[in-house]
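Subject: Handover of a structure

Dear colleague,

Please find the structure below.

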Amino acid sequence: MLRELWNSFIASLEGLGAVVRFLFRILAHTPRALSRFDLISAQIYNAGALSLVIIMLSGLFVGMVLGLQGYQLLQRFGSEEALGTAAAIGLVKELGPVITALLFAGRAGTALASELGLMRATDQLSAMEMMAVDPVRRVVVPRFLGGVIAMPLLSAIFSVIGIYGAQLVGVQIMKVDGGSFWSQMRASVSLSDINEGIVKSCIFGVACSLIAVYEGFNADPTAEGVGRATTRTVVTSAVVILFLDYLITAGFL
Amino acid sequence: MNNDSPIVAIRNLNYAVGGRPIFSGLDLAIPRGKITAVMGPSGTGKTTLLRLITGQLKADSGSVEVAGEDISRARRDELYVLRRRMGMLFQNGALLTDLSVFENVAFPLREHTDLPERLVRELVLTKLQAVGLRGAAQLMPSELSGGMGRRVALARAIVMDPEILIYDEPFVGLDPISLGVILRLIRRLNDVLHVTSIVVSHDVKEISSVADQVFLLSGGKVVASGTPADLRANPAPEVKQFVGGLAEGPVPFHFPGPDYFTELLSEDPEL
């Protein structure tokens, strides 16, 4: 029993080591890959623009729920005007980065992992190796950077739409005073709150993209292997995002 | 280096996967400028041999010399320099599915050279013309048949003018017409481009019609070599079984397992 636990602990440390080494390999190729910005912008489109609809819709609904719940709660203390502050801080610091990252892992992360896994299974990565083209530089790095760049942008869009959703419910339906909704928000959301959100989404971007390209690139070249890589991408990303979220939040306090 | 020395020389090669030896003490020399076929039953490690020759796998011991350099000791950058002199056709073509036929063939040029677009276009169209698919330049790989995909992959493999062309099971799953086309292309490209061709295959009849020299692998060793005619005349039972396509012989029909009756009569479901 103890031995099994110890073995799985060692195995997970080894896995972490392999991921970190992969990250260094990606970083080593990044300067040269930056000279082919056309490849990166195509991946920003794939990871970012194609995730826009799901991010915007989710942002709207999360914001609306926040507006409703926040209103119900604040009303008990007779401070409905603080709704703007509550919604904005909740979205910018927590919900925006976290939910965006979770959705990103489900939408773009799985797409990345299965694409790379299938490229491995159909020998496309070996074919590149044989053409003396390093697949890490040509395929992995642009996808990684695309995800890293797309994540903070998506998170910002999520928060903005979320605040609009909260306003929609709070001000338009629940009749909170619009002037105090916006002015209290502007008065009490500080730059450090926004910075925290930006730092979080950047770190989540690196984590999600790294997990997706690592799992896809190292997938077993079988149908089962690609499926497993895709599943692992979502599961690992979700756990890592929530864990990192706690660490960063604790660090900022 | 003189022109008679073999372009690929394998000496005393040992390679094992998960403790199971694939090659033990393999020796093989592939002559320059010829079409050499490597044949053998499925599972004898033909594809593994190609991966060892191209440096995708590293030998456990022994040496694999390609164009005078030991590829099993080469660093990644040295390997890449060496690989620019090789073209490889994968079993399923391995075209990049997000690029058109034209861009697939142009891929090595764009990655390795800074040629002006006009020249890239000219080179790509010449190679596509050579495989008869200039008209398909704007199609995507998903719109091609298996045989066409392999011809595009062949055009891509020759676009950097390699010295060695490597074919991994080029005849698998082709209709007779595509098969004839690929056979003719292998012969023509070899003679016109003065390359060395290495063909891995288990299709005895097809490969015998183009190969200059044949190596027959079995059990991790070369069991016979020579011209296709030599092989047909070889009386050794391994060779006869393979060339004649016989079910029984040194390669058994049954995968090794416990005794049939013992297993049937046993109560233990684990046996």
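The notes below begin with conventions and then turn to the findings.

This is a predicted model, in which local features need pLDDT of at least 70 and side-chain atom pairs count only at pLDDT 80 or more, while totals for chains, interfaces and linings use all residues. Residues are numbered from 1 along each chain as its sequence is written, and chains are lettered from A and ligands numbered from 1 in the order in which they are written.

**Chain B overall**

The secondary structure of chain B comprises ten helices and ten strands. Helices (H or I, at least four residues) and strands (E, at least two) are DSSP runs, numbered from the N terminus. The C-alpha trace of chain B spans about 70 × 45 × 40 Å along its principal axes. Chain B has a radius of gyration of 21 Å, which agrees with the value near 18 Å that a compact globule of 271 residues would have; the radius is taken over C-alpha atoms, and the globule rule is 2.2 Å times the number of residues to the power 0.38.

Of the 271 residues of chain B, 37% count as buried. A residue is buried if 20 or more other C-beta atoms lie within 10 Å of its own, exposed if 12 or fewer, and partly exposed in between, with C-beta atoms placed from the backbone. Among contacts in chain B between residues at least 6 apart in sequence, 63% join residues at least 24 apart; two residues are in contact if their C-beta atoms, placed from the backbone, lie within 7 Å.

**The sheet of chain B**

Chain B holds an open sheet of six strands in the order β6-β7-β8-β3-β9-β10, with mixed pairing. Two strands pair if DSSP finds at least two bridges between them. The edge strands, each pairing on one side only, are β6 (86–89) and β10 (221–226) of chain B. From one strand to the next, the twist averages 15°. Helix α5 (residues 146–158) of chain B packs on this sheet, touching β6 and β7 (164–168) of chain B, and its direction makes about 170° with that of β6(B). For such angles, axes are lines fitted to C-alpha atoms, for helices over the stretch in contact, and angles run from 0 to 180 degrees between N-to-C directions.

Strand β7(B) is largely enclosed by the rest of the structure, because five of its five residues are buried. On one side are B:Ile164, B:Ile166 and B:Asp168, and on the other B:Leu165 and B:Tyr167. In a regular strand the side chains alternate between the two faces of the sheet. β7(B) pairs with β6(B) in the parallel sense over four bridges, and B:Leu165 is the bridge partner of B:Gly87. Five bridges join β7(B) to the parallel strand β8 (residues 196–201) of chain B, where B:Thr196 stands opposite B:Ile164. Strands β3 (residues 35–39) and β9 (residues 213–218) of chain B also run parallel, joined by four bridges; B:Ala37 stands opposite B:Val214 there.

**The nonpolar core**

The largest nonpolar core has 136 residues, and those with the most contacts inside it include A:Cys208, B:Ile166 and B:Val199. Such a core is a set of buried Ala, Val, Leu, Ile, Met, Phe, Trp, Tyr and Cys residues joined through C-beta atoms within 7 Å. Not counting residues up to four places away in sequence, B:Val199 touches B:Ile35, B:Ala37, B:Tyr167, B:Pro170, B:Ile186, B:Ile207 and B:Ala211.

**Contact between the chains**

The contact takes 15 residues from chain B and eleven residues from chain A. On the side of chain B that touches chain A, the largest share, four residues, comes from α3(B).

**Two residues with positive phi**

Most residues other than glycine have a negative phi, and most peptide bonds are trans. A:Ala132, although not a glycine, has a positive phi of about 60°. A:Ala132 lies in the loop between α5 (124–130) and α6 (135–173) of chain A and is partly exposed, with 19 other C-beta atoms within 10 Å. B:Ala94 has a positive phi of about 55° and is not a glycine either. B:Ala94 is found in the loop between β6 and α3 of chain B and is buried, with 26 other C-beta atoms within 10 Å.

With kind regards
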